[in-house]
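Biologist: I would like to read this model with you, one question at a time. Could you show it first?

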Amino acid sequence: MSAAESTYVSTLGKGDSLHQQVLASFPLCDITEEDLTQNPQFCKLLATLAQHVDQSGLTVPLKTELEKAEQKLQSQRRYWLRSEGIHKALQEMIQDNCIRKHHATVPPDQNMFHETMEKCLLVVQCIRQLDPSSTTNQDQPSVLGLTPQQMMELMPSEKNVQRMKQSLPKELEKHLKKKCLSLLSYYQPEWENESEGLKNSKLSHLSAQLDNEKKRAESLKETSWENSVLLQRQTQLYLSEQIKCIQLLQSLILDHRLRIQTDLDRKKLDYFEGKLELVLQKIKAEMVEIQLDTYPVDKISAHRKIREKLVSDLKASQVEKHSIELKLASFEILGKDFEALAEEYCRLRQEIEMNNWALKEFTQ
């Protein structure tokens, strides 16, 4: 970096001021202030580059040449549009005359004017077809062996051509004015029945109004595009936030389920513990009666039923034990809550073992 460029960078500012000036100098670059903060050398490079290029990235000499080329192009374009507009208007005048001839009688002078103009246009068009390029010295292949001089012999008489040229500006003005009035009636239908003077006054402002409408339409189109881009960005942001909310909701639901499931399992353990204690107390009481020979004979059948009920309860407890073991295995991530569940599980296992012992003793 030269001394002049270093001086230029130092005069821009430091820190946030330099970052803001660099971002303002390159609005088309997809860079952020964070990028400039993380890459200070790159920030200095952009600050130095800003004195050589404009916001679009063009150097000053190149931008000057581009502006001159655009001006020349616009001038050539206006010239072509003016010539093309006049040519289209003349063709429309010829077509209108052909239509009028089929619906009414056309004055001879008007008919002669349009026929002369039509022949002149056809001859000029044919000459252009025979000699399409005026920028080369190479001989062009002739069409049907014809030459431009031969086509000029088909031109109307000089007298008719002069009369046509004298009447052409007035007739062309009438035709263009008619088209402008038609455009005015289409643009503002309420002016269709107004006087000729008011219409002419309105025509003088029609060009400016159409230009304003065009600029307004372009502005609305640009605004619509910006709104579309903004809507797309907001939609992406909304979807990303919605995904975050869904993930948070899922985590909350999972945490709630784990806590509720722990409480449910604890209640089930308490229930089976109480149930086993009641069964054991009943078994102990009946064993005491048997040992004292006070157990009634009529209770033998009931005794068998109790035995079957104990076996069934034992199987159900074993199934429930297996189910709780599986659930406990999935709750190891709970930490202290898992330790509490493990203690409950051990106590339940001890009760089941006691139940097995009681059943075994009762069988013997």
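Modeller: Helices (H or I, at least four residues) and strands (E, at least two) are DSSP runs, numbered from the N terminus. This is a predicted model, where local features need pLDDT of at least 70 and side-chain atom pairs count only at pLDDT 80 or more, while totals for chains, interfaces and linings use all residues. Residues are numbered from 1 along each chain as its sequence is written, and side-chain values use heavy atoms, with hydrogens and water left out.

Biologist: How many helices and strands does the chain have?

Modeller: Read along the sequence, the pattern is α-α-α-α-α-α-α-α-α-α-α. The count is 11 helices and 0 strands.

Biologist: How far does H5 reach from its first C-alpha to its last?

Modeller: Helix H5 covers residues 60–103. It has 44 residues, and 64 Å is expected at 1.5 Å a residue. The model comes close to that, at 63 Å.

Biologist: What share of the chain is buried?

Modeller: Buried means under 20% relative accessible area, exposed over 50%, and partly exposed in between (1.4 Å probe, protein chains only). The chain has 364 residues. Of these, the buried share is 22%.

Biologist: Which helices are among those that cover the buried residues of H5?

Modeller: Ala-89, Leu-90, Met-93, Ile-94 and Asn-97 of H5 are buried. Contact means heavy atoms within 4.5 Å. The cover includes H6 and H8.

Biologist: At what angle do H5 and H6 pack?

Modeller: Axes are lines fitted to C-alpha atoms, for helices over the stretch in contact, and angles run from 0 to 180 degrees between N-to-C directions. H6 spans residues 108–130, and its axis is 10 Å from that of H5. The angle is about 135°.

Biologist: Which word describes how H5 sits to H6?

Modeller: Angles under 35 degrees count as roughly parallel, over 145 as roughly antiparallel, 65 to 115 as roughly perpendicular and the rest as oblique. H5 and H6 pack at about 135°. That makes H5, relative to H6, oblique.

Biologist: How do the residues of the contact of H5 with H6 divide by class?

Modeller: On the H5 side are His-87, Leu-90, Met-93, Ile-94, Asn-97, Arg-100 and Lys-101; among their H6 partners are Phe-113, His-114 and Met-117. Ala, Val, Leu, Ile, Met, Phe, Trp, Tyr, Cys and Pro count as nonpolar, Asp, Glu, Lys and Arg as charged, and the others, Gly among them, as polar. The residues of this contact divide into 6 nonpolar, 5 polar and 4 charged.

Biologist: Which helices do the buried residues of H6 pack against?

Modeller: Asn-111, Phe-113, His-114 and Thr-116 are among the buried residues of H6. Met-117 and Cys-120 are also on that list. They pack against H5, H7 (148–152) and H8.

Biologist: Are H6 and H8 roughly parallel or roughly perpendicular?

Modeller: Their axes come within 9 Å and cross at roughly 100°. H6 and H8 are therefore roughly perpendicular.

Biologist: Which residues of H8 make the contact with H5?

Modeller: The axes of H5 and H8 come within 10 Å and cross at roughly 90°. That makes H5 roughly perpendicular to H8. Ile-86, Ala-89, Leu-90, Glu-92, Met-93 and Asp-96 of H5 meet these residues of H8: Leu-168, Glu-171, Leu-172, His-175, Leu-176 and Lys-179.

Biologist: Which residues does His-175 touch, not counting residues up to four places away in sequence?

Modeller: His-175 is found in H8, residues 158–187. His-175 is buried, with a relative accessible area of 10%. It touches Ala-89, Glu-92, Met-93 and Asp-96.

Biologist: How far apart in space are Leu-276 and Asn-355, C-alpha to C-alpha?

Modeller: Leu-276 lies in H9, residues 196–291, and counts as buried at 5% relative accessibility. Leaving aside neighbours within four places in sequence, its contacts are Ser-317, Leu-348, Glu-351, Ile-352 and Asn-355. Leu-276 and Asn-355 are 79 residues apart in sequence, but in space they are apart by 7.1 Å.

Biologist: Is Gln-318 buried or partly exposed?

Modeller: Gln-318 lies in H10, residues 300–330. Its C-alpha is separated from that of Ile-352 by 8.2 Å. With a relative accessible area of 41%, Gln-318 is partly exposed.

How values were computed:
Expected span 1.5 Å × (residues − 1).
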